[in-house]
Amino acid sequence: MSVRGQQRVFRLAPYFHPTTFCFVDDNERFLESLQLELPDTMALRVFTQPEPALEFVNQPRGPAPIADLALALDRTGNSTAALHLDISLIEAELANTERFARISVALVDYAMPSMNAVEFFDRMTDPYTRRAMLTGVADERLAVDLFNEGRLHHFLQKQRAQDIDALVGYMFDMESEYFRQSLARLQLALDLHSSHLFSDPAIASYVQQLMKRERLVEYYYVEDPSGFLMLRANGSVVRLIILTPAERAAQIALAREHGAPAALQKALERGELVFSSGGDSPGNYFGSESYPWDEFVVPAQALAGSVPWLVGIQHDPPMDIDFDPTHSSYDAYLAKARRA
C-alpha cells in the first residue's frame with residue numbers, strides 16, 4: 001500500500017486523460033516543497049485546511065459523455081450489448097474542458113487539527129476518487145485497518161513522500177486505477193467485444209511506450225478500424241490502429257472489392273500497411289471519382305500478444321472532429337489553472 005520500488009504496471013482503460021490531484025496537509029512548508037518539486041505537467045490543488053479541500057473535492061463535475069455507455073449497460077444489465085463508440089461521444093468529451101478537473105486522487109495527511117483524514121474520506125461523495133492517506137509511524141496500524149474495511153485505498157508514510165520520483169509514480173498509479181475502477185462496467189463489455197485488446201499485456205506495454213515516445217497524454221478507444229485516438233498536451237492527434245487477424249483480413253477483402261491499386265493490395269496482404277478510413281469509405285465514391293487510397297494507409301508492424309496483432313500509427317489523421325486545441329487541450333487547461 002506504499003510506494004513500490006519496481007516499474008509501474010500500465011493497464012489499459014477504455015479511455016484515459018490527465019486529471020487533477022488534490023493534496024491536503026496543514027504543513028504549509030511541506031505543500032510548498034511539493035509544488036516546487038512535482039512536475040509542472042501535473043495538475044495540482046493543495047490545501048492547508050481540510051474544509052475547503054472537501055468542498056473542492058465534492059464539487060459536482062458530471063460524468064464523461066462516454067461514461068453514458070456504462071450507465072446504459074447498468075440499466076440493461078447486459079454487459080454483452082453491442083457497443084459502438086461513436087466519434088461524436090469522443091468529440092463531446094474533447095470539447096469538455098472540465099475533463100481535466102476531475103479529481104482522481106485525494107492524498108490527505110492523517111493528523112490535522114480540525115478534521116483528520118478518516119473524517120475527510122468518510123465525507124467524500126465520489127466513490128471512484130482514490131483515497132490515499134499520509135501517515136506517520138504511529139498511524140500504520142490504523143491505516144491497515146481502514147484499508148481492510150474498504151474506507152481507504154492506499155496509504156503512504158509521510159517520510160517516503162519526500163522521494164519525488166516515487167511519489168509521482170505512486171500518484172500516476174492511482175490515477176490509472178481511478179479510470180479502471182470508474183469504467184469497470186464499460187471495460188468488461190469492451191473486453192467481450194474487442195478481442196481482449198484491453199486485457200493483453202502486449203498491447204498495454206506498446207501503448208505505454210508509444211505515449212512516452214510521442215509525448216501523448218490522453219487516449220480514447222475507437223473503432224472502424226479498432227485502436228485509439230490519442231492526443232498530446234498541445235492537442236495534436238495521433239491515431240493508433242490495432243488489428244486482429246480477422247480485422248486485417250477484412251481490410252484486405254475491402255481493398256480487393258473496391259479495386260485498390262495492386263501494389264497497395266500486396267502490401268496489405270504482406271502486413272506492411274494497415275488501412276485507416278478516417279470516417280470515409282471507398283463505397284462512398286462513384287463514377288470517375290477515385291478513392292484516395294494512399295491517404296488512408298500507414299506503415300504497419302506485427303505485435304505478438306494474445307493474438308498476432310498488426311499495428312500502425314497515423315500522425316494528424318484526417319478525422320472529422322470539431323476540436324479547438326487552444327481552448328480544450330491539456331496545455332490550455334494547465335495555463336488557465338496557473339492564472340487562477
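Predicted model: local features only at pLDDT ≥ 70, side-chain atom pairs only at ≥ 80, totals over all residues.
Is E272 buried, partly exposed or exposed?

1. An open sheet is formed by 7 strands, with antiparallel pairing, and their order is 1-7-8-9-12-11-10. Strand 1 and strand 10 are the edge strands, each pairing on one side only. At one end of that order, strand 10 is joined to strand 11 by 3 bridges, and the two run antiparallel.

2. Strand 8 deserves a separate look. It is largely enclosed by the rest of the structure, because 6 of its 6 residues are buried. Strand 8 pairs with strand 7 in the antiparallel sense over 6 bridges, and E218 has L231 in strand 8 as its bridge partner. Strand 8 is also joined to strand 9, again antiparallel, by 5 bridges; here G227 has I241 in strand 9 as its bridge partner. Two hairpins go with these pairings. The hairpin of strand 7 and strand 8 has 4 residues between the strands, and D224 takes a positive phi near 60 degrees in it. The hairpin of strand 8 and strand 9 also has 4 residues between the strands, and there G235 takes a positive phi near 95 degrees.

3. The largest nonpolar core has 35 residues, of which L12, L197, F228, M230 and L240 touch the most other members. Elements that each supply at least two residues of this core include strand 1, strand 7, strand 8, strand 9 and strand 12, along with helix 4, helix 7 and helix 9. Helix 9 gives the largest share, 6 residues. Another core, of 23 residues, lies apart from this one, and A106, V108, M115 and L152 are among its members.

4. The structure holds 11 salt bridges. One of them is between D109 and K158, whose closest N and O atoms are 3.8 Å apart. D109 is in strand 4 and K158 is in the loop between strand 6 and helix 7, so the pair ties together parts that are 49 residues apart in sequence. D109 counts as buried because its relative accessibility is 8%. D25, D109 and K158 are linked in a network of salt bridges.

5. D145 and R141 have their closest N and O atoms 3.2 Å apart; they are 4 residues apart in helix 6, so about one helical turn separates them. D145 is partly exposed at 33% relative accessibility, whereas R141 is exposed, with a relative accessible area of 52%. In the bridge between E272 and R270, the closest N and O atoms are 2.8 Å apart. E272 has a relative accessibility of 38% and so counts as partly exposed, which settles the opening question. R270 is exposed, its relative accessible area being 51%.

6. The second largest pocket holds about 660 Å³ of space. Its lining has 26 residues, and the closest to its centre are Y333, L334, K336, A337 and R338. Strand 3, helix 12 and helix 13 are the elements that give two or more residues to this lining, and helix 13 gives the largest share, 8 residues. By class, the lining has 13 nonpolar, 6 polar and 7 charged residues.

7. A last item is P292, in the loop between strand 10 and strand 11. P292 counts as partly exposed because its relative accessibility is 22%.

Methods. Residues numbered from 1 in each chain as written. Heavy atoms only, no water. Buried < 20%, exposed > 50% of the residue type's maximum accessible area, 1.4 Å probe, protein only. 1 Å grid on protein atoms, 1.4 Å probe; cavity = no way out; pocket = protein on both sides within 12 Å on 5 of 7 lines; lining within 4 Å. Points joined across faces, edges and corners; volume = space filled by probe spheres on them. Nonpolar A, V, L, I, M, F, W, Y, C, P; charged D, E, K, R; others polar. Core = buried A, V, L, I, M, F, W, Y, C linked by side-chain atoms within 4.5 Å. Pairing = 2+ DSSP bridges. Salt bridge = Lys/Arg side-chain N within 4 Å of Asp/Glu carboxyl O.
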